[in-house]
Amino acid sequence: MMKMRELINCVVPENLDEYRDVFVYIEHSDGHIKKSTLEMLGEGKKLAKKTDEKLVGVAVGEELTPIAKEAEEYGCDIFLGTESPDLKDFASVPYTNYLAEMIEDYKPNIFLMSGTREGRDLVSRIAIRVMTGVAADCIELDIVENTKILSAWRPSFGDKTIDQILCRKHRPQTITSRPGSYKVAEKQPGNKCDIKIKKVTVPEAMKKRKILSFRPKDRLDLTSAKKIVSGGLGLGKPEGFELIRNLADELNAEVGASRPVVDLGWIPYEHQVGQTGQTVRAKLYIAAGISGKIQHTVGMINSENIVSINNDPEAEIAKVSDYFIKADLYDAIPKIIEEVQKYKNGKAVVGESPEKAA
Amino acid sequence: MVLDIIVMIKQVPDAEEIFIDPVKFTLNRSQARGVINPADENALEAALMIKDKTPAKITVITMGPPAAESALLECMGRGADRGILITDRAFAAADTYATSLTLAAAVKKIGRFDLILAGESTTDSGTGHVGPGVAEFMQADQVTYSTSVKIEGDTIIAERELEHGIEVVQTPMPALVTMLINANIPRRSSLRRRIDAMRKGIETMDHESLGLPPEWVGIKGSPTIVGSLKIPEEKKRLNKTITLEEIPEMVKELIENKAIVLGDDEDA
Ligand SMILES: Cc1cc2nc3c(=O)[nH]c(=O)nc-3n(C[C@H](O)[C@H](O)[C@H](O)COP(=O)(O)OP(=O)(O)OC[C@H]3O[C@@H](n4cnc5c(N)ncnc54)[C@H](O)[C@@H]3O)c2cc1C
Ligand SMILES: Nc1ncnc2c1ncn2[C@@H]1O[C@H](COP(=O)(O)O)[C@@H](O)[C@H]1O
């Protein structure tokens, strides 16, 4: 009953020079290219210019002509698609199959995917099928000077270091990128794209997976939040999150949390920031009643302005803070709210000293 | 019928104990205490929850240094039946291709499975590639980002959490499922079971017993290499310690810095 692929080492292709051009996997929904893919198209164009190669969009789906048109607007030189009514919904096995076919036929030098849930699900299956390596979750891409080698930078261990990943002998050089790390491609009016869409019949063996239901629900995405107010064990009680929520509402911010308060059930997991929660890059991060253990700080250290509130003068969080408010959070938060309100209803104005306005 | 379930776990360094070697400029993981990768604890718990209802045999496998034995004993203490340590100096510095290949070879050697459970990703390398990589070698379907999984006849039904919603899928076994961190609450190990596990012992496999040539595994079998490494510049912090009385000044500065934006020009 167990069938498996031949276990085979990652074979080095004979003629590396045959591999050319930059593939970008195009994720789409409702007839439009997703924003995370537009980032990769922008990045792909930049790399293709450096190696003097073409930008090729590749997609799988039910009805790809509108996607191809959009890919043309965003600078693709070539669009390759595989189309079938059975490919309407994403499924790992058939999608891997048709993408791998397009890769094996075309032999691209570079293959870029966005690290969305779909991209991450697909990438390593494809890489093993076509026998190449992957650099995951990259935040910076470049070409090693005077070569066609991709230099892919990815953060490792909670962003403490950034590693350069090279795939010197295998093709295509494949990466996933961290969504939100790159600029979206610019439209290129008048661009001409060579569109090739193939219709296929999906074999029964690949159609055994069924989607029984789908409940739309937006996951709280703290990774793209501009402002976050987080609460930790220092709140002392679950109701403390009401105060956190008040400040967050005042600042138009999202609510974050440390792990212990999530474990205690004071707030759902989707609010957790840190090593085992979300990694955020806010413009303003306020940590109230959080001690500043490394597993928390790795998730928020890339925020631009960090404010912390803690009644322990020795708390580690002070080291990573721009403002460390040495006070009880139940005194400090109402005071911050009060101050912000003063500006909102014009009782204080930027440029004047707040004391005078108060 | 007894279900054969394989759970893949990895021991990862406890983040708190990781530091960067200032001389060699490398990440020093060797001195950090090992813990079971958090999502893998959820994968094991998902397997145990199936076993609570259906006759099942759970085999836990890990590729890692000899010290990873303790992680396997912990899993057996929680209710797994068998622990296999895949260990060999030749496996060192494997990337996700070589890791998936080695784990797939172990699955092949085990001989059969209905379901493989893995964590969605690890906290130390965090690629999330190894689960799907093994599924590809096994030519089995994969259900990623799952929060729950149950058996129905010869299929599994799993809930997956995607960006915009929850999808429920059904797929035939054999299949591989990756579990999201916090998908369930891992049970504790029992002392009695731990003692039984220590008596029973852990099996080991190396490249020879797996039938893998040494150049297919570890760093030699890895298509990717780490070229160089940089330490992200730590942002200079203002490091101002302030009292309640100084909050107005702080709010003013944050507004001037556009960290707090008043009015509607939010995303400007
Ligand atoms: C494998 C692993 C993964 C982990 N992942 C994460 C993660 O993703 N995210 C995470 O956050 N943690 C994570 N942790 C846990 C982490 O190590 C810390 O235990 C946790 O961050 C501490 O949470 P805390 O700061 O809320 O609580 P504490 O450390 O208890 O700190 C509470 C703070 O509140 C202060 N305080 C108390 N009362 C008041 C008051 N009235 N006013 C102001 N201050 C007050 C105290 O002085 C103290 O500094 C992980 C741990 C492990 C082992
Ligand atoms: N060395 C390993 N031994 C056993 N399982 C592993 C190993 N590395 C990764 N895995 C499994 O694959 C999952 C994803 O790992 P990663 O691709 O490293 O994020 C983990 O949660 C484990 O279930």
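Entry 1, strand pairing. In this predicted model, I looked up the partners of strand β10 (residues 161-166) of chain A and found that four bridges join it to strand β14 (residues 225-230) of chain B, the two running antiparallel. Within this pairing I noted that A:I162 stands opposite B:K230 of β14(B). I then turned to strand β9 (residues 150-156) of chain A, which is joined to β10(A) by five bridges and also runs antiparallel to it. Here I picked out A:A152, whose bridge partner in β10(A) is A:I165.

Entry 2, burial of the strand. Are the two faces of β10(A) covered or open? I recalled that side chains in a regular strand alternate between the two faces of the sheet, and I checked each side in turn. On one side A:T161, A:D163 and A:I165 are buried, and on the other A:I162, Q164 of chain A and A:L166 are buried as well, so that both faces are covered.

Entry 4, aromatic pairs. My search of the whole structure gave four aromatic pairs over all chains. In one of them, the ring centres of A:F23 and A:Y106 are 5.2 Å apart and the planes stand at 55 degrees, so I recorded this pair as tilted. The pair links distant parts of the chain, since A:F23 is in strand β1 (residues 22-25) and A:Y106 in helix α3 (residues 92-106) of chain A, 83 residues apart. I noted A:F23 as buried because its relative accessibility is 0%, and A:Y106 as buried because its relative accessible area is 15%, with the cut-off for buried being under 20%.

A:F23 also pairs with A:F111, edge-to-face, at 6.2 Å centre to centre and with 80 degrees between the planes. Because A:F111 belongs to strand β6 (residues 110-114) and A:F23 to β1 of chain A, this pair ties together parts 88 residues apart in sequence. Both A:F23 and A:F111 are buried.

Which residues form one aromatic cluster? I wrote down A:F23, A:Y106 and A:F111.

Technical notes:
Residues numbered from 1 in each chain as written. Chains lettered and ligands numbered in written order. Predicted model: local features only at pLDDT ≥ 70, side-chain atom pairs only at ≥ 80, totals over all residues. Heavy atoms only, no water. Buried < 20%, exposed > 50% of the residue type's maximum accessible area, 1.4 Å probe, protein only. Pairing = 2+ DSSP bridges. Phe/Tyr/Trp six-rings, centres within 6.5 Å; stacked < 30°, edge-to-face > 60°.
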